[in-house]
Amino acid sequence: MIEVAQLLKDASSLGNYFAPDVYVQGDYEFGLIENRQGSRLIALPEVLLQAIYAALEKEVGSSAGIVLFNCGRWWGKNFYRRFGEELSKYYDKPLAHMEMVEFLQCFKQCWKTHGWGRIDLDFDYYQQGFAIAKIWDSAFAKIAPQENCPTCFFESGILSTFFSQLTGCDLYCIQTSCESMGADCNNFILGLSERLKPVQSWLKEGQNHTAIMERLCRS
Amino acid sequence: MQSDIETLVHKAEEDYLKQSDIELFRQQAASMQKCLETYECLRDREIAIFQPIVEQLVKTYPQENPQLLEKVLKHWLSVLRYCAMAMLLKNPEYLEYRILEWLSDIVKAHQMQSLESTLYELLFSRLSEVLTKEQLSLLQPFLEQARTALLGTLEPSLVGG
């Protein structure tokens, strides 16, 4: 028989760790914000992000995307570590013991609470070796300069390292549609870099996300 | 702070509160007292509320994996606790952000809506026995909010409210 008293002892029965009203704290008068563990957070004003894009464009030209992607990879590496530490401490179990659905829900909430937009993951192509991340209302796409190619390089970098560390495989991430180009959401494909190699040239040919996925699955 | 009281506090910045506002304050304070009593009742009788539900649930789903039943129970133990706090704060957003938004996808992914729905019905019925009508009416908007968020459009068959 299930004993409620026992359940109450076992069940951490905790809710949403990343609920925005409790996760983001700080002393606003002093301009300090921190998360609920006391780690400092930094707010990036739009003008700073615009300046980063503009300055990189001027300094390194067409390589700006690679620089931002690598910044994202570095960011993602630390993000994964902190994400794992915070969650395992709060829910009192290692990340590996969390159910996949709980883990994903925390990841989605974390992304949203940090103000990076809304993210969802699609594992329909799991058997073919790919996962799709979709991001709506991306803060980065919003301020990115208008280009004829996707511009969320930060996010691509973050996602590639985050999921590489999670899965233990060296995953690459490439964006195939972008809100800055009028798409309804930003699509990112995650997979082994060898298999994602042709995507860049398909993007240059003007192929959309659906067509790219079809070609990838046939390859 | 409760939003109604907060509005009154803002009003009092410019002038003394009018008699009608004082009356509103008095009603809010009285309602707060009732909410606190309801909260204490839910807290003190948590096990007494849920243990008969467990027995009923096991009878209804004798073949079901006990771990799954435990999971559903844990969900509603948490939801009721958060509902109780949301009632004290008179704040549906607290309930939405602290648990419902997070839990709704988990419930969907486990495809346990039928089990969750049964548990909700048993819980509502049990609360009707444990709480007075007035206490239940204070809690009910938040229970309804949880039901809508977690069980979507599934029709409750037993819920009278």
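Predicted model: local features only at pLDDT ≥ 70, side-chain atom pairs only at ≥ 80, totals over all residues.
Helix H6 of chain B covers residues 113-130, 18 residues in total. From its first C-alpha to its last the helix reaches 25 Å, close to the 26 Å expected at 1.5 Å a residue. H6(B) is also mostly covered, with 13 of its 18 residues buried.

From here, turn to the place where the two chains meet. On the chain B side, 25 residues are in contact with 25 residues of chain A. The area buried between chain B and chain A is about 2,300 Å², and carbon and sulfur atoms give 63% of that area.

What about the polar side of this interface? Between chain B and chain A there are four salt bridges. One salt bridge joins B:Asp105 to A:Lys108, and their closest N and O atoms lie 2.8 Å apart. You will also find 12 residue pairs in polar contact between chain B and chain A, counting pairs with both residues at pLDDT 80 or more.

Which helices of chain B each supply at least two residues of the side that touches chain A? They are helix H3 (46-60), helix H4 (66-89) and helix H5 (92-110). H4(B) gives the most to that side, with 10 residues. Sorted by class, the side of chain B that touches chain A has 13 nonpolar, three polar and nine charged residues.

Note on methods: Residues numbered from 1 in each chain as written. Chains lettered and ligands numbered in written order. Heavy atoms only, no water. Helix = DSSP H or I, 4+ residues; strand = E, 2+ residues; numbered from the N terminus. Expected span 1.5 Å × (residues − 1). Buried < 20%, exposed > 50% of the residue type's maximum accessible area, 1.4 Å probe, protein only. Contact = heavy atoms within 4.5 Å. Buried area = accessible area lost by both parts, 1.4 Å probe. Salt bridge = Lys/Arg side-chain N within 4 Å of Asp/Glu carboxyl O. Polar contact = N/O pair within 3.5 Å; in protein donor to acceptor, adjacent residues only side chain to side chain. Nonpolar A, V, L, I, M, F, W, Y, C, P; charged D, E, K, R; others polar.
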